[in-house]
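Subject: Structure handover

Hello,

Here is the structure I said I would pass on. Please open it first, then read the notes below it.

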Amino acid sequence: MFVLIENGNFVVPYLRREGVERSELEMAMRQHGVESVKEVKLAVLETDGSISIVPKSSPVMHTRKHIRQFRKH
């Protein structure tokens, strides 16, 4: 998973590294109902090749992480 857009800015090194064109990214943004890169909180290239877009307008969800601790006997 690679971050392609973060807080409204393209992450150019990852775009180049993964060979993702800005036009591909803009198409994915439109498919998610986002018109401008400035409206994107996060865009990631998933391991299956799809692009996930998180708009800035989306609500923030906090989850509780459970960390299992092992005791030495």
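Strands S3 and S4 run antiparallel and are joined by five bridges. In this pair, valine 40 stands opposite proline 55 in S4. The hairpin of S3 and S4 has five residues between the strands, and glycine 49 in that hairpin takes a positive phi near 95°. Please keep in mind that this is a predicted model.

S3 also pairs with S1: four bridges join these two strands, again antiparallel. Here phenylalanine 2 stands opposite leucine 45 in S3.

As for the whole chain, the secondary structure comes to two helices and four strands. Read from the N terminus, the order is β-β-α-α-β-β. Of the contacts with a separation of 6 or more, 42% are between residues 24 or more positions apart. The chain has 73 residues, and 25% of them are buried.

Next, the interior. In soluble globular proteins, nonpolar side chains tend to be buried together. The largest nonpolar core in this model has 15 residues, and those with the most contacts inside it include Leu4, Leu25, Val40 and Ile51. At least two residues of this core come from each of strand S1 (2–6), helix H2 (22–31), strand S3 (40–45) and strand S4 (51–55). Which residues does leucine 25 touch, leaving out those up to four places away in sequence? They are Leu4, Ile5, Phe10, Leu15, Ala43 and Ile51.

Asparagine 7 lies in the loop between S1 and strand S2 (9–10). The phi of asparagine 7 is near 50°, a positive value in a residue other than glycine. Asparagine 7 has a relative accessible area of 48%, so it counts as partly exposed.

Last, the charged side chains. Side chains of opposite charge can pair when their charged atoms come close. The count of salt bridges comes to one. It is formed by the side chains of arginine 17 and glutamate 18, at 3.7 Å from N to O. Are these two residues exposed or partly exposed? Arginine 17 counts as exposed because its relative accessibility is 57%, above the 50% cut-off. Glutamate 18, at 30% relative accessibility, counts as partly exposed.

That is what I have for now.

Regards

How values were computed. Residues are numbered from 1 along each chain as its sequence is written. This is a predicted model: local features need pLDDT of at least 70, side-chain atom pairs count only at pLDDT 80 or more; totals for chains, interfaces and linings use all residues. Side-chain values use heavy atoms; hydrogens and water are left out. Buried means under 20% relative accessible area, exposed over 50%, partly exposed in between (1.4 Å probe, protein chains only). Contact means heavy atoms within 4.5 Å. A salt bridge is a side-chain nitrogen of Lys or Arg within 4 Å of a carboxyl oxygen of Asp or Glu. A nonpolar core is a set of buried Ala, Val, Leu, Ile, Met, Phe, Trp, Tyr and Cys residues joined through side-chain atoms within 4.5 Å. Two strands pair if DSSP finds at least two bridges between them.
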